[in-house]
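Hi,

Here is the structure I said I would pass on to you. Have a look at it first, and then read my notes below.

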Amino acid sequence: MVKVNCLNPISKVGTSKFTDNYEFTDNFEEANAVLVRSAAMHDMELSDNLLAVARAGAGVNNIPLDKCAEKGVVVFNTPGANANGVKELVLCGMLLASRDIIGGNKWVENNKEDENINKTMEKAKKNFAGNEIMGKKLGVIGLGAIGSLIANAATELGMEVYGYDPFISVDGAWRLSSEVKHVNTREEIYKECDFITVHTPLLDDTREMINKDTIAMMKDGVVILNFARDLLVCDDDMIAALESGKVKRYVTDFPNAKIAKAKNVIATPHLGASTEESEDNCAVMAVKELKDFIENGNIINSVNYPKCDLGVCDKVTRITICHKNIPNMIGQLSSAVAAEGMNISDMVDKSRGDYAYTIMDLDSKATAELVEKIEAIEGVIKVRIVK
Ligand SMILES: NC(=O)c1ccc[n+]([C@@H]2O[C@H](COP(=O)([O-])OP(=O)(O)OC[C@H]3O[C@@H](n4cnc5c(N)ncnc54)[C@H](O)[C@@H]3O)[C@@H](O)[C@H]2O)c1
Ligand SMILES: O=C(O)[C@H](O)COP(=O)(O)O
């Protein structure tokens with residue numbers, strides 16, 4: 001029985017796809033597979049039972065990817081599965097920043113007992129007038145699953161869109177509307193745009209990319225949207241820019257104690273992916289990835305191990321090996337198999353950074369001796385008999 005632990009509530013549309021060979025446990029230590037959303041895993045002890053973690057979502061900064069890789073724990077995420085949910089909220093954020101919809105709505109709430117509200121509102125409404133987004137310039141930093149959807153949608157709304165992503169994937173580039181102006185530096189976005197939205201992962205080189213120096217390059221009255229991660233923006237610098245009016249509005253899905261009370265902030269409580277559709281999509285994709293890994297040893301959409309897929313095993317045995325990406329590993333693995341008098345009928349080995357992964361299909365049943373031999377090879381991290 002494969003034991004699955006959910007560290008966050010995960011949509012039943014996904015979890016119901018587990019078959020009778022799987023059972024849920026509340027005990028992280030005994031789990032073979034973990035499903036997680038934003039729960040912080042950095043301080044958690046990883047037991048030897050753990051084979052895989054699937055993040056039902058995009059951002060993996062809550063998961064210790066290297067620590068997992070060192071223990072042979074494969075971490076997955078669900079690229080694009082919640083992108084539309086975030087796109088819609090970002091479009092909403094742009095509109096909320098352009099027109100005082102929130103102020104107007106509060107006014108109605110405060111005056112709801114006024115019998116003549118239908119008349120008094122006609123005088124009050126001048127206080128909530130705003131601007132339209134059509135014709136304005138939007139800069140999108142990070143043109144992945146979310147950024148590209150926003151860029152395309154904004155062109156449809158009549159905005160002039162600038163996109164920046166030095167690492168854009170081929171698929172990402174194909175997805176992008178030809179209306180989007182591709183720029184080669186973030187500075188062009190900072191200088192030109194009325195709205196700037198960030199959609200990169202939180203990495204060393206993106207941490208606090210919005211700070212006093214970059215804000216200084218921007219237009220007066222710029223609107224900044226952050227639906228990616230709080231630490232992409234320097235809080236103190238943002239608060240100063242909001243105070244001075246340099247930044248007209250900061251729309252964020254990641255408020256903290258400082259930002260929540262700052263002037264001209266429009267904040268939501270990390271709601272980007274909190275739609276029924278996104279939660280279902282992420283859960284279904286995460287469970288599919290876990291099942292394919294547990295049942296076939298295949299790795300698809302991992303963020304710490306390479307993509308490695310040998311389909312469904314139709315041979316007698318399948319063994320998988322998580323190992324260090326070092327010379328002569330394949331030679332040693334095949335020698336170990338040969339020494340046991342066995343034949344490899346199919347094999348794939350892929351590497352990613354310091355780590356690599358091998359799937360081997362054999363014509364005869366794997367023995368405990370073979371597993372021991374492979375485990376003894378220097379650089380081998382985890383050996384698993386899948387079939
Ligand atoms: N608010 C929410 O609920 C919510 C939901 C989903 C994702 N997110 C956040 O949004 C981020 C993006 O999600 P996604 O699904 O679009 O991911 P993605 O991996 O599809 O896209 C990220 C893009 O950022 C680009 N990038 C990386 N470093 C960059 C840099 N220095 N400058 C410019 N571009 C850079 C990558 O090339 C990639 O195209 C996630 O990492 C996550 O932190 C938030
Ligand atoms: O990175 C993500 O996918 C989002 O931040 C969503 O996080 P959540 O699943 O905790 O809502």
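Which residue has an N or O atom in its side chain 2.9 Å from an oxygen atom of ligand 2? That residue is Arg55. Before going on, please note that this is a predicted model, where local features need pLDDT of at least 70 and side-chain atom pairs count only at pLDDT 80 or more, while totals for chains, interfaces and linings use all residues. Residues are numbered from 1 along each chain as its sequence is written, chains are lettered from A and ligands numbered from 1 in the order in which they are written, and side-chain values use heavy atoms, with hydrogens and water left out.

Back to ligand 2. The residues around it (a heavy atom within 4 Å) include Arg37, Ser38, Arg55, Ala58 and His270. Ser38 puts a polar side-chain atom 2.5 Å from an oxygen atom of ligand 2. With Ala58 it is a polar backbone atom that lies 2.6 Å from an oxygen atom of the ligand.

Now ligand 1. It has 26 residues around it, and the closest are Ala145, Ile146, Asp165, Phe227 and Asp253. Asp253 has a polar side-chain atom 2.9 Å from a nitrogen atom of ligand 1, and for Asp205 the distance from a polar side-chain atom to a nitrogen atom is 3.5 Å. Ala228 uses a backbone N or O atom, 3.3 Å from an oxygen atom of ligand 1.

Next, the domains. The assignment (bounds from an automatic or database domain assignment) gives domain 1 (1-82 + 275-305), domain 2 (83-267) and domain 3 (308-387). The centres of domain 1 and domain 3, taken over C-alpha atoms, are 23 Å apart.

How much area is buried between domain 1 and domain 3? About 1500 Å², with 51% from carbon and sulfur atoms; buried area is the accessible area (1.4 Å probe) that two parts lose on being put together, summed over both. On the domain 1 side, Asn296, Asn298 and Tyr305 supply 34% of the area buried against domain 3, more than any other three residues.

Key
A polar contact is a pair of N or O atoms within 3.5 Å; within protein, one must be able to donate a hydrogen and the other to accept it, and residues adjacent in sequence count only if both atoms are side-chain atoms.
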